[in-house]
Every structure is written in C-alpha cells, then in structure tokens.
Amino acid sequence: MIELFATIMSSAFFVTVIRTTTPLLLATLGGLIADLSGALNVALEGQMLVGCLTAVIVSVYAPWYVAVLAGLAAGAVLGLVMAIFALRLKADIILVGFAINIMAAGGTVFALAMATGGDKGTSINLASKAIPPVDLSFLGVIPGIGPLLVSLLSGHSVLSWIAAFLVFAIWYFLYRMPWGLWLRGVGEYPAAPEAAGIPVNAVRAWSLVVSGALAGLGGAQLAMFNYVGFARDMTAGRGFIALGAVLLGARHPVGALLAALLFGAFEGLAVVMPGLFADAPAELIRMIPFVVTILALMLFSYRAQRALKLRGVKSA
Amino acid sequence: MSTTAILARQSRWSTFRKETLRAVTAIAVALLVTIIVVLLTSKAPLEALNTLLTAPASKPRTIGLWFDDVAKLTVTGLAFSLVFQARQFALGVQGQIYVGALASSYVALSPIGPTFAAIPLGIAAAMLAGAAWGFIPGLAKAKLGANEIVSSLMLNYIAIELCNFLVRVQLRERPGVLTSLKFPDAAVFPPLIPGTRIDLGLILALVATVLVWFALYRTSWGLKLRLVGHNARFAEYAGIKSSLIMVSAMTAAGALGGMLGAMFVQGQTYGKITVLFEGGLAFEGILVAIVARSRPLAVPVVAIFYGYLRQGAQLMNIRTDVPAEVIGVVTAIIILLVSSSFSMPGKKWLSAQFGRRAQPAGLSADGAAK
C-alpha cells in the first residue's frame with residue numbers, strides 16, 4: 001500500500017497521468033462542443049480511432065506535425081459526414097454516430113491490412129513517427145524548485161500543452177464571444193436563435209466538425225505519443241468515456257478538464273498497479289474507469305435532477 | 001369492408017412499399033461500394049466478389065453457418081427493436097450477451113450440467129443475468145435521468161472485462177488457456193440438422209420473434225411502450241407511467257440479450273465459453289433493427305439477408321485477399337442511408353414529369369426545432 005502511495009505521489013506518475021489524460025481531454029472537449037450545440041456526438045470513439053490510423057499512416061511519409069494535422073482532418077471529415085446525414089438528411093444523430101463507429105472499427109482494420117500488406121492486428125511493420133516531447137530542461141536553472149519543475153513540466157507532448165490551452169480557449173469562446181452564445185443558444189432552445197435569424201443548422205454542423213476534429217487530434221496523440229503505432233480497437237472505449245466525462249463535467253470546459261483528469265488518473269493507475277501488485281487482476285483494474293463513469297454519471301444526474309426540482313422545474 | 005379499413009390497408013401497403021424500396025436501395029448502394037472497394041484492393045477481384053455473393057449458399061456446412069448467424073442476428077435485432085420502439089438508445093446488448101453467457105456457463109459447468117435441466121436452466125439463468133444488465137441503465141435513466149447511452153456502453157466494457165477475468169481465473173480448462181472445459185453434451189443445444197451448426201438457437205430466435213411481436217402489437221404493455229416511444233410527454237398526459245415502461249422495455253431487451261449469450265456458448269459453435277467470443281455481433285443488431293424499422297416480424301427477414309452478406313465476407317476473408325472487415329463499411333453505409341430520409345436522385349424531376357405533387361422543399365428550416 002505504501003508503495004502505491006509513493007508511486008501516486010511521484011512526479012513520474014504525474015507525467016503518466018498527463019499522458020493518459022491528453023487524448024481523453026481532447027475527445028471530451030470535442031464531445032462538449034457537440035453536446036452544447038444540442039447534438040450528442042456518440043461517434044467520438046470512431047473519430048478517435050480513424051484519427052489514430054490516419055496519423056500513423058501519414059507519419060510514415062510526412063513529418064509528425066503533418067500527421068497530427070491529418071489525424072485532425074480525418075476526425076473533422078467524419079464530423080462533417082455526421083452533420084450531413086443528421087442535419088441535412090434527417091437521420092437520427094445517435095444512429096449516425098453509431099454507424100460511424102461501426103465504419104471506423106471495421107474500416108480501420110481493413111485500411112490497416114491494406115497499408116501493411118495483410119497485417120490486421122498492428123502497424124508494427126510501418127515505420128511511423130512519434131510526437132517529440134517538449135523539452136523544458138532549461139527551467140532547471142531556477143534555484144530551488146528548478147529540478148521539480150523540470151520533472152513535472154518537461155517531456156510532455158505538444159498536444160498536452162495545446163489541450164490545456166484549448167480548455168481556456170473553449171471557455172473563452174463559449175462564454176465571452178457571440179458565437180459561443182449562439183452555440184449554447186442553439187443547444188438550449190433552438191427556436192429562439194432561429195427566430196433571431198441565427199443559422200441553427202450551420203452552427204450545429206460546425207460544432208460537429210470541430211467536435212470530430214478534436215477527437216481526431218486526441219487519436220493522433222494516442223497513436224503518436226501514448227503508443228507509437230496503430231493497433232486494432234486501440235481507443236478501447238476512450239471515446240465513450242469522453243462522452244461520460246462531458247456529462248460528468250457539468251458540460252463546462254473546466255469540468256471537462258477535471259473529469260478527463262479523473263479518468264486519466266484511473267487509467268494511469270491501471271498502468272502502474274500491475275507492476276506493484278503482481279496478483280492484482282489486470283481485468284478488474286481496467287474495469288475501474290468504466291465503473292467510475294457509471295457511478296459518477298448516476299451521482300451527477302441525481303444532483304442535476306435535484307437541482308432542477310429545487311428550482312421548481314419539472315423534469316421531462 | 002369499411003372505408004377506413006381500406007384506407008388503413010392502403011396506407012400500410014404504401015408504407016411497406018416505401019420502406020422496402022428504401023432498404024433495397026440502401027443495400028444496392030452498399031453492394032456497389034463493396035464492389036468498388038474490392039475492385040480497387042484485391043488482386044483477384046472477380047474471385048473475391050464471387051465468394052462474397054455465392055459462397056454462403058454453396059455447401060450444407062456454409063448454409064449452417066449462415067443460419068446460425070441469422071438466428072443470432074435476429075435476437076440482437078429484436079433486442080434493439082424493443083428499446084428503439086420505446087425510443088431508448090440503450091446500446092447494452094453486447095454486455096448482456098457476456099453476462100448471459102457467463103451465467104449459462106456456470107449452470108453448464110455445475111452439477112446440473114449433465115442433466116436434462118442444463119439447457120432450460122442455462123437459458124433461464126442467462127436471461128435473468130441479461131435482464132439485470134438491462135435493468136441497471138433503465139433504472140438509472142428513469143430514477144436519476146442518467147444518459148442511457150453512456151451507462152449502457154460502460155456496462156458493455158465492464159461485462160467484457162468480467163468475462164475475461166472469470167474465464168481466466170475460474171472457468172478455464174487449465175492455466176494459461178483462455179477457454180473453459182467443453183460443456184457436457186446435455187448442456188449443448190442439440191442440432192436441428194445433424195452435422196451443421198443449425199441448432200435449438202434458431203427455434204429460440206423464431207419463438208422470440210413471435211413473442212416480441214405479440215408483446216408489442218397485441219398487449220396493452222406494447223401499446224404503451226410504442227406510445228412512450230412516439231411521444232413520451234403525450235403518453236405521460238394519457239396516464240402512462242413512461243419511466244416504468246422504459247425500464248421494463250430495457251429489462252425485456254436485456255433478457256433477450258442474455259438469451260443470446262446462452263445461444264452463443266451453449267450452441268453448436270462453441271459448447272464452451274472463451275474470452276471475446278461475441279466478436280462484435282451484438283452491434284449488428286442496430287443495423288438489423290434499423291433496416292427492419294424496429295418491426296419484429298421484419299427482423300428475421302433482414303437477418304437472413306444481412307447474415308448472408310456477413311458469411312460471404314467471412315468466407316471472402318478466408319479464401320481471398322480481401323479482409324472481412326470491409327463489411328463494417330457496408331454496415332455503416334446501410335445504417336446511414338436507411339436511417340436518413342434520402343430520396344433517390346432525380347425523384348423530384350420524375351414526379352414533376354408525371355404530374356405528381358413534388359416534395360415541399362423546406363428541408364433546413366424545420367429540422368432545427370427537433
């Protein structure tokens with residue numbers, strides 16, 4: 001038990017948690033934007049997965065930043081597909097999202113087999129690149145706390161820093177810019193912005209595109225930093241956890257950050273625990289984030305419902 | 001026959017025609033995409049296509065594989081139809097399959113296993129476990145307002161890990177093997193046609209189809225369920241306890257999912273439990289339910305066609321250089337096309353030529369209010 005505590009308190013664990021949180025946070029922010037615009041994006045999982053594969057394949061032929069952008073673009077394209085089918089062709093958005101997940105699960109394996117010449121499991125034969133860690137070792141010259149700062153802040157992926165910045169940027173966009181107000185209005189009560197002349201469907205379509213792009217970016221981080229290379233179903237439910245994190249984070253960017261950190265911490269724990277306790281069943285540890293999501297979702301929904309009741313609003 | 005009855009029949013017939021046309025078009029588009037993909041990727045495209053389109057019906061063995069798939073697709077399609085008709089997007093069939101399979105495995109490997117009670121008790125245990133797994137997100141939705149999509153998906157992963165864990169630690173045949181002992185013969189579904197995988201599961205699927213149809217269209221529970229799915233608020237005003245109906249629909253669908261778990265592990269295909277035995281079949285039920293428009297009697301028909309395509313893809317995977325995963329793309333296209341209100345290109349022009357009233361063109365405005 002003491003070893004576990006020592007591990008959790010160590011800066012290495014902190015770095016692990018940041019690493020595991022980053023893809024989740026990016027996907028959660030994507031889910032947040034779509035959810036606030038009134039379109040539940042259940043395709044986060046598929047968009048992440050396609051982002052992973054695209055990034056890996058592009059990174060074989062191009063520099064790492066091009067690959068990251070390709071992953072982002074792949075997610076955005078899937079977001080656009082969702083928007084076209086859900087908004088223009090009036091399909092149910094949840095079914096559209098699931099169709100994209102199914103397409104991603106099968107399509108990535110298919111594309112992987114084509115790209116590697118028959119290997120349907122991993123991209124181990126492809127010489128893919130990684131996102132270089134950001135080196136902040138110059139902070140070490142600061143007297144006293146320098147070494148601590150280096151061990152905490154140095155060596156993260158660029159995307160971790162971008163994700164942290166995005167939390168602030170999205171908060172600013174949503175609560176300090178007119179477009180953010182539009183977006184929230186469209187999700188809250190579409191008839192009002194419609195009457196005010198705001199193009200409701202266009203706002204929703206853009207939200208879905210941005211949502212997909214963020215999920216794709218999360219996929220790029222997963223396949224080019226957390227793991228280098230692609231493996232089938234490597235997202236392993238992270239997109240769905242992100243969906244839970246949106247609801248858990250009270251549909252607010254800072255809440256999303258905290259929720260993503262919570263799940264990232266549990267994922268990090270699942271990484272380090274088997275090393276510490278040889279007899280701890282890995283399956284049960286992997287189960288923890290999912291159990292936590294359900295419990296947290298129930299707790300949060302209960303609180304939200306009670307808050308509505310206290311305000312005298314009858315829940316639908 | 002009264003005028004209303006004739007009108008009702010006419011409208012039913014035209015709906016049926018429209019839905020069939022839509023499904024056929026979607027399948028044609030999907031097939032076209034498959035053909036293009038195969039042509040682009042395969043070294044021997046004609047052989048691959050030939051395998052895809054003819055292999056499942058070629059031998060008794062492959063026909064057996066096909067109908068085994070049909071039975072399973074029917075049950076998962078029915079489970080999704082039930083929740084979709086109540087307009088609940090619970091996606092927990094996968095998890096229900098795993099817990100159901102675990103429950104029936106414990107029955108089959110217990111002292112009951114070699115007795116005649118192994119099959120009925122195994123199915124019953126599986127249905128109970130599945131129902132419990134469907135009940136949790138239902139209750140959380142009804143009592144706490146927790147989003148059923150997220151909670152049911154989380155329960156899927158929990159069930160999969162639970163199965164991995166129990167098979168590795170408790171049910172394994174010997175250390176290091178991720179399968180259980182073979183079930184006793186009495187616990188394995190008897191084959192309907194010897195030497196094939198067509199077993200009791202097919203009968204279970206047909207019985208389930210009739211039961212779900214009866215429950216939905218011939219009982220007051222079914223009427224209430226469809227009302228809740230149509231307009232929950234209206235149903236509430238009509239004095240229907242919509243949350244109770246929602247929970248019961250999700251629990252009933254869970255029982256079906258659990259039964260499917262028993263069909264998997266007690267069927268001729270396995271006769272034992274292994275990790276990850278389900279192979280993503282559960283989610284194919286979404287496609288089946290959507291193409292069948294959640295109508296129980298249409299579910300087996302769709303399952304026959306889709307099962308054929310699935311087996312064709314599997315055989316193509318084995319015999320040629322095209323991976324079976326291409327079917328995922330096909331599935332997605334069919335779901336997208338069938339669930340959206342696409343119309344065939346040139347339809348408006350055609351109807352203008354034939355003097356019928358064209359569809360009103362206010363597509364973008366009214367979707368926002370939804």
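A polar contact is a pair of N or O atoms within 3.5 Å, where, within protein, one must be able to donate a hydrogen and the other to accept it, and residues adjacent in sequence count only if both atoms are side-chain atoms. By that rule, five residue pairs, both members at pLDDT 80 or more, are in polar contact across the interface of chain A and chain B. This is a predicted model, in which local features need pLDDT of at least 70 and side-chain atom pairs count only at pLDDT 80 or more, while totals for chains, interfaces and linings use all residues. Residues are numbered from 1 along each chain as its sequence is written, chains are lettered from A and ligands numbered from 1 in the order in which they are written, and side-chain values use heavy atoms, with hydrogens and water left out.

**Interface of chain A and chain B**

- Chain A gives 52 residues and chain B gives 55 residues to the contact, where contact means heavy atoms within 4.5 Å.
- About 4,600 Å² is buried between the two chains, with carbon and sulfur atoms giving 75%; buried area is the accessible area (1.4 Å probe) that two parts lose on being put together, summed over both.
- In chain A, the residues that lose the most area to chain B are Lys90(A), Leu95(A) and Phe110(A), together 14% of what that side buries.

**Salt bridges**

- The structure holds ten salt bridges over all chains, and the count between chain A and chain B is four; the term covers a side-chain nitrogen of Lys or Arg within 4 Å of a carboxyl oxygen of Asp or Glu.
- Within chain A, Glu267(A) pairs with Arg238(A) in a salt bridge whose closest N and O atoms are 2.6 Å apart.
- Because Glu267(A) lies in helix H12 (residues 253–276) of chain A and Arg238(A) in helix H11 of chain A, this pair ties together parts that are 29 residues apart in sequence; helices (H or I, at least four residues) are DSSP runs, numbered from the N terminus.
- Between the chains, Asp92(A) and Arg87(B) meet through their side chains in a salt bridge (2.9 Å, N to O).

**Side of chain A that touches chain B**

- Two or more residues each come from helix H4 (64–88), helix H5 (93–116), helix H10 (200–226), helix H11 (238–248) and helix H13 (282–310) of chain A.
- H13(A) provides the largest share of this side, 14 residues.
- The residues of this side divide into 34 nonpolar, eight polar and ten charged, with Ala, Val, Leu, Ile, Met, Phe, Trp, Tyr, Cys and Pro counted as nonpolar, Asp, Glu, Lys and Arg as charged, and the others, Gly among them, as polar.
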